[in-house]
Amino acid sequence: MPELPEVETVRRGLEAAMVGAQLAAVEQRRPDLRFPFPERFAERLTGQRVEALRRRAKYLIADLDGTDVLVMHLGMSGSFRIEQARAPILGAGAKNSLHDHVTFDLSTGARVVYNDPRRFGFMQLIPRSEFAAHPLFNKIGIEPLGDEFDGAALARLFAGKTTSLKAALLDQTLIAGLGNIYVCEALHRAGLSPRRVAACLACNDGTPSARATRLARAIREVLNEAVAAGGSSLRDHRKTDGALGYFQHSFRIYSRAGEPCARCGGLVRRITQAGRATFYCGGCQR
DNA sequence: AGTTGCACCTGGCTGC
DNA sequence: TGCAGCCAGGTGCAAC
């Protein structure tokens with residue numbers, strides 16, 4: 001499911017429920033998700049207090065009061081829901097609980113449940129001292145909602161890249177947190193073809209082009225709007241209170257193959273790039 | 001070094 | 001109604 005706006009939405013929900021609380025009991029219901037759980041996972045977490053709930057790229061990071069940091073990734077279909085004691089959420093029935101893989105019972109009485117049908121998500125425990133140098137994080141790129149992200153940064157990152165704009169924007173070692181939907185949406189807003197060479201964002205003298213500025217602005221804009229909407233719910237994404245995000249109603253290009261472009265009336269096309277579907281308008285995306 | 005293709009899983013939708 | 005086939009928000013690794 002989840003790109004930056006969905007992960008950020010989940011982070012906010014978990015932060016409100018977990019920060020300051022102690023993990024009174026942890027249950028791990030299967031040996032692995034995408035990867036095996038760490039050794040003695042539940043035991044090592046039990047009794048720890050959650051001091052902060054952060055996001056880096058599409059990772060959720062819980063700072064604990066012990067020596068470890070809990071790293072969580074939602075993969076394609078992972079979600080968290082928060083249940084208050086004695087008040088299970090209606091509709092969270094047997095079918096759904098089949099894929100409840102981890103539960104955290106908090107000292108507040110709330111229960112946090114991780115559900116992931118496809119099991120592409122994973123959880124890791126990393127010593128805090130090794131966090132920055134850890135292979136999961138040491139090559140991650142710039143945060144697109146951070147202060148340092150702008151047209152100049154984008155042009156610098158993409159300089160000399162012969163790959164497509166689409167592929168470069170999906171590369172997490174360059175920019176952290178964009179996925180298939182928001183890359184398509186940002187390129188459409190910026191009026192840029194996903195097939196362009198990534199290096200086209202820099203002028204011959206290396207300065208950022210107007211295109212770079214437009215694209216950086218479009219990326220920030222679409223991410224901010226999506227976060228404000230609680231993310232996009234296609235199949236699996238839920239806020240931690242069970243509510244749907246609603247940004248999917250604001251897609252201008254994603255999954256609209258065959259429809260007229262909302263901006264120019266041109267035909268929205270679907271192509272495949274790097275094995276992923278790309279939606280774009282041949283009329284106004286140049 | 002940079003890219004592509006495939007694998008990892010389940011479930012939902014489409015079309016026969 | 002049933003079932004086969006295709007598709008899906010991500011990422012890591014093997015192969016070119």
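1. A nonpolar core, as I use the term here, is a set of buried Ala, Val, Leu, Ile, Met, Phe, Trp, Tyr and Cys residues joined through side-chain atoms within 4.5 Å. Keep in mind that we're looking at a predicted model. In this one the largest nonpolar core has 46 residues, and Leu154, Phe158, Leu169, Leu201 and Leu215 are those with the most contacts inside it. At least two residues of this core come from each of helix H4 (151–158), helix H5 (165–170), helix H6 (180–190), helix H7 (210–228) and strand E10 (276–281). H7 gives the largest share, 9 residues.

2. Not counting residues up to four places away in sequence, Phe158 touches Leu165, Ala168, Leu169, Leu174, Ile175, Ala198, Ala199 and Leu201. There is also another core, lying apart from the one above, with 31 residues, including Ala17, Met18, Ala21 and Leu45.

3. On confidence: chain A averages a pLDDT of 94, and 96% of the residues score at least 70. The stretch to watch is residues 90–95, where pLDDT stays under 50 and the model has 1 contact beyond four places in sequence. Where pLDDT is low, the predicted coordinates should not be read in detail.

4. Now the domains. The assignment for chain A gives domain 1 as 4–130 and domain 2 as 151–250. Their centres, taken over C-alpha atoms, are separated by 28 Å. Domain 1 puts 19 residues into the contact and domain 2 puts in 18 residues.

5. Next, the sheet. It is an open one of 4 strands, ordered E2-E3-E4-E8, with antiparallel pairing. Strand E2 (50–56) and strand E8 (122–127) are the edge strands, each pairing on one side only. From one strand to the next the twist averages 20°. Helix H1 (residues 4–18) packs on this sheet and touches E2 and strand E3 (59–64), with its direction at about 175° to that of E2.

6. A few details of the strand pairing are worth checking on screen. E2 and E3 pair in the antiparallel sense over 6 bridges, and Val50 stands opposite Leu64 in E3. The hairpin of E2 and E3 has 2 residues between the strands, and Ala57 there takes a positive phi near 55°. Strand E4 (residues 68–73) and E8 also pair in the antiparallel sense, over 6 bridges. His73 stands opposite Phe122 in E8.

7. Helix H6 deserves a look of its own. H6 is mostly covered, with 11 of its 11 residues buried. The buried residues of H6 include Asn180, Glu185, His188 and Arg189, as well as Ile181, Val183 and Leu187. They pack against H1, H5, H7 and E10.

8. Last one: is Cys281 buried or exposed? Cys281, which is found in strand E10, counts as buried because its relative accessible area is 0%, and the cut-off for buried is under 20%. Leaving aside neighbours within four places in sequence, Cys281 is in contact with His188, Ile253, Cys261, Cys264, Gly266 and Leu267. For a sense of distance, Cys281 and Phe41 are 240 residues apart in sequence and 48 Å apart in space, C-alpha to C-alpha.

Key:
Residues numbered from 1 in each chain as written. Chains lettered and ligands numbered in written order. Predicted model: local features only at pLDDT ≥ 70, side-chain atom pairs only at ≥ 80, totals over all residues. Heavy atoms only, no water. pLDDT = per-residue confidence, 0-100. Contact = heavy atoms within 4.5 Å. Buried < 20%, exposed > 50% of the residue type's maximum accessible area, 1.4 Å probe, protein only. Pairing = 2+ DSSP bridges. Axes fitted to C-alpha atoms, helices over the stretch in contact; angles between N-to-C directions. Domains from an automatic or database assignment.
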